[in-house]
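Welcome! Please take a moment with the sequence and the model below, and then we can walk through the ligand site and the chain interface together.

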Amino acid sequence: MSLVIHNLHARVVGGQEILRGLNLEIQKGRVHAIMGPNGSGKSTLSKVISGHPDYEVTAGEVLLDGVNILGLEPDARARAGLFLAFQYPVEIPGVSNANFIRAALQARLGEGEELDAVDYYGDLYKEMDKLEIPRAFTARSVNEGFSGGEKKRNEVLQMAMLKPSYAILDETDSGLDIDALKIVAAGVNAQRGPGIGMLVITHYQRLLDYITPDVVHVLVGGRIVHTAGPELAYELEAKGYDWIREELAESASA
Amino acid sequence: MSDSLLLEAAAIPGTLPEWFRNAQSQAAARFDSLPMPSRRDEFWRFSNLKALDPQDFTPARPVADEVAQELVAQSAGVAAAAGTFVFANDHLISRTNSSALAAQGVLWMPISEALENHAGLVEKYFMRSEPALGSSKHLALHLASVRAGTFLYVPKGVHIEAPLQTFHWLAGSGQAVFPHTLIVAEECSSVTVVDWFKSTGDARNMACGVNDLHVGPNAKVHYISVQDWSRQTVSLNSNVTEVAQGASALHLGLHLGGVFSRSESVSRLNGAGARCEMLAATVADHAQEFDQRTLQEHVSPDTYSDLLYKNALYDQSKTIVSGLIRVEPEAHRTDAYQKVRNLILSPDAEANSLPGLEILADQVKCSHGATTGEIDAEELFYMQARGISARDAYRLITYGFLNEVLERLPEATLRETLQSALRNRLQGH
Ligand SMILES: Nc1ncnc2c1ncn2[C@@H]1O[C@H](COP(=O)(O)OP(=O)(O)OP(=O)(O)O)[C@@H](O)[C@H]1O
Ligand SMILES: [Mg+2]
């Protein structure tokens, strides 16, 4: 059981190629981290997997538990078990957070099935408490006027409610103060387990102190160029990305 | 002119005061002599005038008893209302109101009863202002034909917590109704009133209504009208809200029904520190046309008005919002805002915005703006990324767009009732 990304090539519709033959396999029960310089294609990878219409896949496949999801609409991919915590969560005026999450859960039920409102609010409050999100946020419009950190917590809340089988967290740590980071990391760790595979995109080894990854990948120029254990994050933190770029150049010229 | 309208007008129940009978016959003559509106007239630019001819309609006949019972059963409206009146085809079919109201000196009764028992009071406020937004002919028709609706008088210092509501039902076909609402709130009083305009079936009918609010010094009035006539109904509605010194008014229209729906709304800030919010949320689909004309008239200094009109347009629907802010020479330090937002959900829909400003005073803060846009692609993707289908996402985003207007209403229970009416209206899209 895994999310397999095989030889993925993608570009902005009608524009330049951003992902150039990317290979990655995320097994259920494991946490993978991706690090990489700005503009290397990390967010693009997360959006292509989720089906964002700005991008087109020119080659390769993405298999969710063996099923190619690239032909599916973004909502069908999500219902198949995929979740993306956005680097920049979107504001939706006039739609309350509680109604939004409820609609997302309702979308997973069959025709004629109704979500039980009492159970729903019970679950929602429980998860909000874990993430120390005040109750007032149920009635507020989705992400509207939320601080950067509140938006990120709200992403983790949605993940907790939707219980995906594969989750991509795109810089969920950025914009968080130390206390919030601990809370969010605890929230993510609580969701860790054999039923979920996670891909954590981050620039900072700091996050990985709290969410210890099983594997760390480096993404440069639209490809995974290096894979190692959690110690790689420290190496990158200490040395930056240049040494990887140099190694790449050497192996290319060799 | 269809004479039958006037013949029927005499059938208003009770004994009418002389001033009213005179006003009615003068209005009838005025209706006959005034020309039909023309598109050359500034107030009728872009309007579809074909829909407007009252010749096609006769005054509504009472409904059968079984129908009346059924309609009363369907007139729940907002839970815990302080009272509910139900009219069907301009005939009163049910009234319930708490006895506490009368004990506080509140008068709340059918307009016919008020004309009979409180003629002097009604005369002081009944349709006193000159039509300002173009509907002279239809206002004359209303006055000549009115026989149903409610009169509310809230004495000085009385606060009515729960909303008062009136249902106006329209049944049958080719029928015309002339619903009237007159609210007088004396100094330091407060009240919230809801009018529901609804149809049985979807035949072609006509409604020509007036709702006028008089908000006394330091009083507070919230008035909500839910226009949910059948999709074939021609609707004209005219509102004047007079706001006195230190008083505040909130006027909210939820516009859902009708084939052609014209609404005119004037807020006159007549007293230092008067405040008014003018709000409207409109769902337009198929060939529906919503023609909305507004005037924010600042007469006194330190007054405030804030208009937010939002339209969601599907199919071949059309909306017009023509709004004027007028700041009179004495009205220094006025704050006046006007925002029109159109959400276009179909390439065939047409939204027209015609803002206007006339500023004759000093130190005035005014802004007006109209925007027209489509569903935001990132909002859509965000929703889909949570598993919500594109269709549901469209509906939810549209709901949110209009709900921002409803969110301005502080009364939670009432707001939820309107939200569910909005949700129902959007089902199927
Ligand atoms: N929709 C788009 N239109 C045009 N260019 C795009 C688009 N999306 C991504 N790009 C470009 O593709 C490259 C990769 O962008 P991406 O957002 O995936 O980087 P990233 O690795 O997530 O960077 P960061 O660490 O700064 O978040 C960048 O050069 C970016 O400008
Ligand atoms: Mg990024």
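This is a predicted model: local features need pLDDT of at least 70, side-chain atom pairs count only at pLDDT 80 or more; totals for chains, interfaces and linings use all residues.

## Backbone contacts to the ligand

A polar backbone atom of Gly39(A) sits 2.9 Å from an oxygen atom of ligand 1. For Gly41(A), a backbone N or O atom is 3.0 Å from a ligand oxygen, and for Ser40(A) the corresponding distance from a polar backbone atom is 3.2 Å. On its own, ligand 1 has 630 Å² of accessible area, and the protein covers 63% of it.

## The shell around the ligand

There are 15 residues around ligand 1, and those that come nearest are Lys42(A), Ser43(A), Thr44(A), Tyr55(A) and His203(A). By class, this shell holds eight polar, four nonpolar and three charged residues. Helix H1 of chain A, residues 42–50, gives the most to the shell, with three residues.

## Where the chains meet

Now to the interface: 35 residues of chain A contact 20 residues of chain B. About 2,000 Å² is buried between the two chains, with carbon and sulfur atoms giving 63% of that area.

One salt bridge is counted between chains A and B. It pairs Glu155(A) with Arg386(B), whose closest N and O atoms are 2.7 Å apart. The count of residue pairs in polar contact across the interface is eleven. On the chain A side, H1, H2 (74–79), E6 (82–85), E7 (92–96), H3 (97–106) and H5 (148–162) each supply at least two residues. That side comprises 19 nonpolar, nine charged and seven polar residues.

How values were computed:
Residues are numbered from 1 along each chain as its sequence is written. Chains are lettered from A and ligands numbered from 1 in the order in which they are written. Side-chain values use heavy atoms; hydrogens and water are left out. A residue is near a molecule or strand if one of its heavy atoms lies within 4 Å of it. A polar contact is a pair of N or O atoms within 3.5 Å; within protein, one must be able to donate a hydrogen and the other to accept it, and residues adjacent in sequence count only if both atoms are side-chain atoms. Accessible areas come from the Shrake-Rupley method with a 1.4 Å probe; for residues, only the protein chains shown count as cover. Helices (H or I, at least four residues) and strands (E, at least two) are DSSP runs, numbered from the N terminus. Ala, Val, Leu, Ile, Met, Phe, Trp, Tyr, Cys and Pro count as nonpolar, Asp, Glu, Lys and Arg as charged, and the others, Gly among them, as polar. Contact means heavy atoms within 4.5 Å. Buried area is the accessible area (1.4 Å probe) that two parts lose on being put together, summed over both. A salt bridge is a side-chain nitrogen of Lys or Arg within 4 Å of a carboxyl oxygen of Asp or Glu.
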